[in-house]
Amino acid sequence: MAPVGKPFPTPAELPFDMADTLHLWRNARIAACDPAMTRLAQGALLTRGSRIEWVGAERDLPGEYRPDEAHDLRGAWVTPGLIDCHTHLVFCGNRAAEYAERLRGRSYEEIARKGGGILSTMRAVRAASEQQLSDESLPRLESLLAEGVTTVEIKSGYGLTLKDEAKMLRVARSLAHALPVTITTTLLAAHTLPPEYAGDPDAYIKDVAELWLPALHEEGLIDAVDIFCEKIGFSVEHARRLYDSAGRLGIPVKMHAEQLSNLGGSLLAASRGALSCDHLEYAGAPEAEALAAAGTVAVLLPVAFFCLAQERKPPVAALRHAGAEVAIATDCNPGSAPGSSLLLAMSMATRLFGLTCEEALAGVTRHAARALGMQGERGMLTAGKAADFVVWSIGEPEELGYWSGFNPCRSVIKAGRRVS
Ligand code: NIG
Ligand code: FE
C-alpha cells in the first residue's frame with residue numbers, strides 16, 4: 001500500500017510507456033463476478049495499464065500478446081476489487097457514550113430526538129479542520145483497503161452547512177490522493193435537520209435543493225445525492241423536491257429508505273430511477289417489485305441492523321423473487337454502524353439476512369458497482385473494465401461471506417499495479 005501522504009498516481013499521470021504496459025497474471029482461479037458468476041479453474045488475466053485487456057482460460061490466451069511482465073499467482077483465487085457502496089467514513093470523534101446508553105435500553109431514535117446522534121457528530125465535524133477530518137478518516141479507509149476494497153462511496157451529512165458539507169466532500173475526494181482507491185462522493189445534506197433551521201425542514205430542503213446542490217455540483221464535489229427518508233429524517237415530499245432539483249442538474253439520486261419505518265420512500269426513489277435504496281428493513285414485496293422494475297439496487301446494511309439490534313429484516317426473499325439486484329455495504333459511521341470491515345458486512349449478510357455467499361460476493365462487486373452507476377467500468381473481471389482485483393488466500397470463493405473477523409486478502413492490484 002502507498003504510504004499515507006504520498007500521492008498514488010492515477011492512470012492519466014503515469015508515463016505513457018508504463019500506462020501501456022501489458023501484464024499477464026497467470027495461474028489464477030478466477031471468480032469473474034459477471035452476471036453468470038463465471039469461475040475459471042486455470043485462468044489468466046491480461047492488463048494493459050489500468051484496464052483489463054483479456055480474461056479467460058490460460059490455454060486460450062491469444063498468441064499475439066507479448067506481455068512485458070508475467071506474474072504467477074500460484075493457483076490463488078482472484079476476484080474483482082471489492083466495492084463499498086455506502087459509507088459515511090469521513091467524520092470526527094465517536095459515539096461510544098451513546099452506544100453505552102443504547103446498551104442500557106435507550107433507542108437510537110430517542111437519542112436523536114434529544115439532540116444527540118447525527119447532531120453530535122455534526123458538532124465534532126464542524127469544529128474540525130480538513131486536516132483533522134482527513135487524519136481521523138484515513139485509518140478507516142486503510143482498514144477497508146486491507147480487505148481488498150478498491151472503490152468506496154463516501155457521503156457527507158455531518159456538516160449540515162454549505163461550508164461544512166463542502167469541507168467533508170473535499171476531504172473525501174482528497175483521500176483518493178493519499179491511498180490507492182477510487183472514491184465517489186454523495187451529498188447527504190438531507191441527513192437530519194441542523195439547528196439553524198429548527199422547526200423549518202421545508203426551508204432547509206429548499207436551500208439544499210436550490211442553493212447547495214447547484215453550488216457543490218458546480219465545484220465538482222458530488223457524484224450523487226442522497227436523503228434520509230425517515231420519521232427522524234425527512235419526508236417523501238422533501239425527497240421529491242430534492243430529486244426534482246437533482247434531475248434538473250443531471251445528478252443521480254439515492255435514498256436511505258425504510259430503515260426504521262415505512263414512509264414510502266423507496267417507491268418514490270424507484271419511480272425516479274434512483275441508483276439505490278439503502279437499508280430497507282421495513283420494505284416489503286411492493287417495494288421489492290418496484291426496485292427490480294426500475295433497476296434500482298437494494299443496498300443492505302447488516303452492520304447497522306446488528307448494531308441497532310433491529311429485529312425486522314429486509315425482504316430478501318421478495319427481492320430475490322422480484323429479481324432485484326442486491327448489494328452489501330458497511331455503512332461505516334459513528335452511530336449505527338461503527339466499523340470498517342466489508343468482509344464482516346458480508347458474513348453478517350449471509351448469517352443474519354440469509355444471503356448465499358455467492359449473493360454476498362455479487363453484492364460487493366457487480367451490484368455494488370451498479371449502486372454507484374459504475375457498472376460499465378467496475379465490479380467484474382471482464383475485458384475493458386478497470387484492472388482492480390484481489391488475490392485471496394482461500395480455497396473457494398464461498399469463504400468470502402463465511403469468515404467473520406478474519407481477513408484472507410493476500411494481495412491487491414489497483415489500476416493494474418500491485419499495491420499490497
Ligand atoms: O445509514 N440513517 C442515517 N444515517 C446513518 C447513521 C448516521 C449516524 O447515526 O451517524 C445510517 O445508519
Ligand atoms: Fe447510511
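1. D164 is buried, with a relative accessible area of 4%; buried here means under 20%, exposed over 50%, and partly exposed in between, for a 1.4 Å probe and protein chains only. K167 is buried as well, with a relative accessible area of 9%. D164 and K167 form a salt bridge, their closest N and O atoms being 3.2 Å apart; the term stands for a side-chain nitrogen of Lys or Arg within 4 Å of a carboxyl oxygen of Asp or Glu. Both residues lie in helix α6 (residues 162–178), 3 residues apart, which is about one turn of the helix. Helices (H or I, at least four residues) and strands (E, at least two) are DSSP runs, numbered from the N terminus.

2. A word on the ground rules, please. This is a predicted model, in which local features need pLDDT of at least 70 and side-chain atom pairs count only at pLDDT 80 or more, while totals for chains, interfaces and linings use all residues. Residues are numbered from 1 along each chain as its sequence is written, chains are lettered from A and ligands numbered from 1 in the order in which they are written, and side-chain values use heavy atoms, with hydrogens and water left out.

3. Back to the charged pairs: the structure holds 25 salt bridges. One of them joins R26 and D72 at 3.7 Å, N to O. R26 lies in strand β1 (residues 22–31) and D72 in strand β4 (residues 69–72), so this bridge ties together parts that are 46 residues apart in sequence. Both ends are partly exposed: R26 has a relative accessible area of 29% and D72 one of 40%.

4. K155 is buried at 1%, and E153 counts as buried at 0%. Elsewhere, a network of salt bridges links D202, E237, R240 and R241.

5. The metal site deserves a careful look. The iron ion (ligand 2) is coordinated by H86 (NE2), H88 (NE2), H256 (NE2) and D331 (OD), at 2.1 to 2.3 Å. Donors are N, O and S atoms within 2.8 Å of the metal (3.2 Å for Na, K and Ca); water is not among the atoms, so sites may look incomplete. The donor residues are spaced H-x1-H-x167-H-x74-D in sequence. Of these, H88, in the loop between β6 (82–84) and α2 (96–103), and D331, in the loop between β13 and α13, link distant parts of the chain, 243 residues apart. H88 and D331 are both buried.

6. H279 is found in strand β11 (residues 276–279) and counts as buried at 1% relative accessibility. For context, most residues other than glycine have a negative phi.

7. Which residues are closest to ligand 1? They are R95, Y108, Y158, H191 and S336, out of 15 residues that surround this ligand, each with a heavy atom within 4 Å of it. A polar side-chain atom of Y108 lies 2.5 Å from an oxygen atom of ligand 1, and one of H191 lies 2.8 Å from a nitrogen atom of the ligand. The side chain of H256 has an N or O atom 3.1 Å from an oxygen atom of ligand 1. The protein covers 100% of the 330 Å² of accessible area that ligand 1 has on its own, as given by the Shrake-Rupley method with a 1.4 Å probe.

8. R378, in the loop between α15 (366–371) and β14, is buried at 12%, and its side chain contacts that of D388 at 2.8 Å. S261, in the loop between β10 (254–257) and α9 (265–271), is buried at 8%, and a contact of 2.5 Å joins its side chain to that of E230.

Conventions:
Polar contact = N/O pair within 3.5 Å; in protein donor to acceptor, adjacent residues only side chain to side chain.
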